[in-house]
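Subject: Structure handover

Hello,

Here is the structure I said I would pass on. My notes on its backbone follow below.

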Amino acid sequence: MQAATYADSDTPLYLGSLGGSDQRFTHVTHLTAVRPELAAEVVAPQRIPLSLSYDEHSPKLVGEHRIDVVDGKQGGDLKGKLVLLTLDPKTDDTVKAVKAAADAGAKAALVVQPARQVFQPLALPTLNAAEHRLTKLIELLKAGPVTVNLVSTKDNPVSYDIALTAQGKMVDGGRHDVRKEQLAHIDSRYRPGGAKSMRPTMAHAPNDSFPLPQPQGMFRLAAPEVAIGKERTEYVSPGWWLRQLGTDNEPLSEAGYSRFDAGRTYRRDWNSAVFAPAFGRTAVHRIDDKITGMLSLAAPRPAAEGARTWNGSAALQGRTTLLLDGKQVFTTEATGFGTVVPPRQGNYELRATGTRDGTLTTSVDAAWTFRSGPTPDQKPVAVPLLTVDPRISLDHANAAPAAAPLPIRVFAARQPQAAGRATVTELRVALSYDEGRTWTDVPVQRSGEVWAGMLPAAGKAGGFGSLRIEAKDSDGNSVRQTVLRTHALS
């Protein structure tokens, strides 16, 4: 038996009897210690701690701020105040409500959750909290003036993730002393250019076959943002861990758990370019007469050699289309899809395009061809999509010197879950320094599943390189992918 439960530190958690010991039961208490992005408390008329977090689309209030609170429902002078907004998620637009408070001179907004989700920048520093966390604050507002103190920081250079585990019983209560030498040490660097926000979290598991974690949404305080391009020292209990980046709107997590051992030091470069199509644990597969899947069009590279690939990616706006024998079967604006196909063998082409605002991987255009037919015994079978994974050596800003040739290695194989074996027989690489207007072929040589070459130094500092890669295997399956702005030039 394996179970996972999350509860904030100020939330009562009631546990019943297990009905006797069961060695199949594993209980884990996961504690995270990190400098909070925002510390808040009521300071008048009395001191009460508050659990607040920034909305992911909010500007920040850096430093310490002592602010009077007003209830937005009561009206009055909002200038320089923190406005409490209690909104109906069905009828009230959060963005418009915050904008109205900004127009009235408010300094910040506090939105009672649940409220309508936000997908665009907000006009004011905007804080969120579940309704049950604000009960005392609301009571005080009804009785008279209330003042809060907010302390907001830019970075959190050290973090601890401690997992207390017990087999066949609950974790013992009382004091648990943990020393650094009992932990694994991770030197982490968070690079720019991928997900819009960098809010890393760690998820613990008793083994590497444990189910992948799900987003916690409003029931968990958002993790603090890290300083992009800088290093952070992280300590974790020995065991199996999975890294999550991004937000609930742009979920991005490793495709499996990795083992960390006590006393060892590890190096991880999170959010490393090239951000390109990748297949994690969720494959594109067929079961009988249905093809389903989830495409990650701008997934970062693994954080280290041998580290896990990624599920999800930064969000792109585009289209996914499936063709059978040259005729369109379906098309959608989503990267996740499912469609019924004829119950016969056929030649398929899966096309995916996407664009986004940002510095790197501003456009992706990919097409996979493959043969597929009905699956035996109604079991899902991963279709033989080819993957090409370009690896180039980049600095902490995901950039390479413009004046020097740049070695490139391309790993080419079928998506990990695909049945059967085939050899990649052809692979071509082309490079552009003008965002795809002109291309230069790059000679590559094969060694096993890796093709290696040298990107010529023809770009200018401050510009970008782009890559087009084509590959074909011995069964006739192929891939062609073009990624604009794969890396910056310094």
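In which loop does Thr361 lie? Thr361 sits in the loop between strand S26 (346–355) and strand S27 (363–372). Strands here are DSSP runs of E, at least two residues, numbered from the N terminus.

Some background before the rest. This is a predicted model, in which local features need pLDDT of at least 70, side-chain atom pairs count only at pLDDT 80 or more, and totals for chains, interfaces and linings use all residues. Residues are numbered from 1 along each chain as its sequence is written, and side-chain values use heavy atoms, with hydrogens and water left out.

Most residues other than glycine have a negative phi, and most peptide bonds are trans. The items below are listed against that background.

Positive phi

Thr361 is not a glycine, yet its phi is positive, near 45 degrees.

Glu435 is found in the loop between strand S32 (424–432) and strand S33 (440–442).

Cis peptide bonds

Ala44 and Pro45 are joined by a cis peptide bond, with omega about 15 degrees. Pro45 belongs to the loop between strand S2 (38–44) and strand S3 (48–50).

Between Gln113 and Pro114 the peptide bond is cis, and omega is about 10 degrees. The loop that holds Pro114 runs between strand S7 (108–113) and strand S8 (126–130).

Regards

Conventions. Helix = DSSP H or I, 4+ residues; strand = E, 2+ residues; numbered from the N terminus.
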